[in-house]
Amino acid sequence: MKIKKGDEVIVIAGKDKGATGRVLRVDPRSERVVVEGVNIITKNIKADAARAGKESGQVKVEAPLHVSNVALVEDGKPVRAGYRVDEDGTKVRVSRRSGKEI
């Protein structure tokens, strides 16, 4: 997966199309990412002993998006990512649009 935690991404499909945010979590097994402030859902939670001091009610949280519905952002525009091997042998991600390191 070419998207990592902390990357700035833009949503390219779905109800939040056009929204940008930072990646909070990545799940490579299910190919999903959680983006800050995007795909907000309301969860109903119960009060229990494990959540001491917390009351029951509704909580708004970010739900995961499929990685194909987001793209890396460069100058406010979506870009694809590629890889390049430097002279010292390290593999780095590069923007397919500009060739700059991401």
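Q: Why is Asp86 called partly exposed?
A: Buried means under 20% relative accessible area, exposed over 50%, and partly exposed in between (1.4 Å probe, protein chains only). Asp86 has a relative accessible area of 22%, so the residue is partly exposed. The model is predicted: local features need pLDDT of at least 70, side-chain atom pairs count only at pLDDT 80 or more, and totals for chains, interfaces and linings use all residues. Residues are numbered from 1 along each chain as its sequence is written, and side-chain values use heavy atoms, with hydrogens and water left out.

Q: How many salt bridges does a search of the whole structure find?
A: The search finds 3. One of them joins Asp7 to Arg93, with the closest N and O atoms 2.8 Å apart. That pair links distant parts of the chain, 86 residues apart: Asp7 lies in the segment before strand 1, and Arg93 in strand 10 (residues 91-95). Strands here are DSSP runs (E, at least two residues), numbered from the N terminus. Both Asp7 and Arg93 are buried.

Q: Why are Glu8 and Arg22 called partly exposed?
A: Glu8 has 30% relative accessibility and Arg22 has a relative accessible area of 39%, so each counts as partly exposed. Glu8 forms a salt bridge with Arg22, at 3.2 Å between the closest N and O atoms. Glu8 belongs to strand 1 and Arg22 to strand 2 (residues 20-27), 14 residues apart.

Q: What makes strand 6 and strand 8 edge strands?
A: The open sheet has 6 strands in the order 6-3-2-1-7-8, with antiparallel pairing. Strand 6 (65-66) and strand 8 (77-79) each have a single partner strand, so one side of each lacks a neighbour in the sheet.

Q: How do you know that strand 1 and strand 7 pair?
A: Pairing needs at least two bridges found by DSSP between the strands. Strand 1 and strand 7 have 3 bridges, in the antiparallel sense, so they pair. Val9 stands opposite Leu72 in strand 7.

Definitions and conventions: Salt bridge = Lys/Arg side-chain N within 4 Å of Asp/Glu carboxyl O. Helix = DSSP H or I, 4+ residues; strand = E, 2+ residues; numbered from the N terminus.
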